[in-house]
Amino acid sequence: MHWSLFKRENSLKFLFEEIDNAPLVVFRILFGALIFLESVGAIFTGWIKKTLIEPEFTFSFIGFEWLQPLPGNGMYFYYAIMGIFGLLVMLGYRYRLSMVVFGIMWTATYLMQKASYNNHYYLLILICLIMCLLPANKYLSADVKRNPALQSYTMPRWCSLLIIFQLWIVYTYAAVAKIYPDWLDTTAIETLMASRTSYPVIGEFLGNKTLHYFIAYTGIFFDLLVVPLLLWKPTRNLMFIASIVFHVFNSIVFQIGIFPFLSLAFIVFFYPPETIRRIFLKNKKPLNTEAVILKIPSKKNVYLILAAFYFLIQIGLPLRHWFIKDDVLWTEEGHRMSWRMMLRTKGGYISFKTVDKKTGKITHISPRDFLSPKQAGMITSKPDVIWQFVQRLKKQALADGKDLAIYAVGKIRVNGGPLKTLIDPDVDLATVKWSHFSHHDWILPSSPIEKD
């Protein structure tokens with residue numbers, strides 16, 4: 001009993017011990033700059049136009065259909081405002097408010113469209129949530145200029161640990177997800193690189209089979225070991241160099257926005273705070289450890305319970321596909337928010353057959369007549385998007401006074417494999433309901449191999 005109390009007290013001291021806040025301050029500045037660039041980049045690269053303005057309608061996350069893009073050029077102003085709040089986060093001006101507003105606005109854009117789904121969009125939501133809780137504006141910020149009494153040179157150790165543990169979850173699940181046959185024999189890598197062999201200078205290199213094997217296995221070991229080896233002093237610098245190579249390669253080849261640079265920014269939490277202070281904040285006073293007072297909040301148990309609940313969700317959510325029938329690579333059920341990053345390619349075709357229940361009239365519909373090119377490519381392999389498109393057709397038909405049965409007809413291939421039928425062509429999708437946590441029987445099994 002006494003030993004348990006001793007361990008608990010030492011754990012609390014470790015979590016709430018005040019350390020130099022240099023890593024958090026530097027990360028706030030880097031993070032603010034990156035979310036600013038992500039916001040304005042969406043404007044100037046044409047992402048907003050292609051994803052949110054040009055499409056006739058967007059595929060939101062199911063249950064968030066009420067979240068739709070603003071009309072006209074509204075989304076340009078929306079992202080410009082997000083960029084402004086990103087700058088305010090970087091400057092530390094009304095930091096908490098700026099971080100909360102950006103986080104809400106970013107989450108809304110994430111939920112309102114699925115055509116450009118990336119794991120780092122979801123990661124940004126989580127980091128925004130965590131950053132809302134951290135005292136990142138206590139030094140080198142506009143808030144301190146406005147109110148000098150706010151200034152502090154320290155932060156509780158748990159501020160760094162929150163970020164580190166979140167990253168460990170992300171990378172570990174990313175590593176485990178890669179351990180499947182098509183990745184291990186480089187089929188998945190080969191199909192991912194096929195569309196990139198036309199790149200100038202590096203295109204021929206990207207088609208090299210030896211490189212595919214190198215990427216496949218270093219990808220697994222990097223994701224699995226990056227957090228532990230950054231935490232261990234003897235391997236920290238080596239892993240930092242490896243991280244630069246890994247993330248710059250991903251940035252050049254896969255062009256995934258700020259994610260590689262955000263991943264590098266996180267590394268400030270793995271080095272001793274004093275090292276970060278000496279490199280980035282040379283004018284900041286060294287921490288006087290003798291003058292630091294341990295502050296364990298009176299509501300510590302509440303905070304610990306909330307943290308445990310949050311991380312249980314983070315650990316449990318990516319596991320949900322194991323409790324859903326069939327392979328997630330095929331069904332997509334449980335794929336999102338599970339850190340299943342750059343694992344496979346899918347392609348195929350799909351059309352829809354409608355049958356008027358009154359007249360028996362049959363009509364064939366091509367989704368390309370309604371969707372943007374990116375949406376039309378996505379709908380071939382995403383059952384939830386197929387279901388949502390059917391609900392759109394059903395809603396329009398009811399508005400026109402028609403009662404339709406709607407069937408999907410099409411096939412897909414995974415990682416360049418054989419074509420297979422994904423959706424049961426005999427099921428009227430206009431009559432089925434969507435479930436977030438269970439299998440849909442109208443998604444056919446992945447095992448049968450069919451002829452074209």
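Leaving out neighbours within four places in sequence, Arg236 is in contact (heavy atoms within 4.5 Å) with Leu229, Leu230, Leu231, Phe270, Tyr271 and Pro272. This is a predicted model, where local features need pLDDT of at least 70 and side-chain atom pairs count only at pLDDT 80 or more, while totals for chains, interfaces and linings use all residues. Residues are numbered from 1 along each chain as its sequence is written, and side-chain values use heavy atoms, with hydrogens and water left out.

Let's stay with Arg236, which sits in helix α13, residues 233–254 (helices are DSSP runs of H or I, at least four residues, and strands are runs of E, at least two, numbered from the N terminus). Instead, look at the backbone: a polar atom of the Arg236 side chain lies 2.9 Å from the oxygen of Leu231, and one lies 3.0 Å from the oxygen of Phe270.

Now for the strands. Four of them make an open antiparallel sheet, ordered β4-β3-β5-β6, where pairing takes at least two DSSP bridges. At the edges, β4 (362–365) and β6 (420–421) each pair on one side only.

On to the cysteines: the whole structure has zero disulfides (sulfur pairs within 2.5 Å). The sulfur of Cys128 is too far for a bond, because the closest cysteine sulfur, in Cys132, is 6.6 Å away.

Conventions: A polar contact is a pair of N or O atoms within 3.5 Å; within protein, one must be able to donate a hydrogen and the other to accept it, and residues adjacent in sequence count only if both atoms are side-chain atoms.
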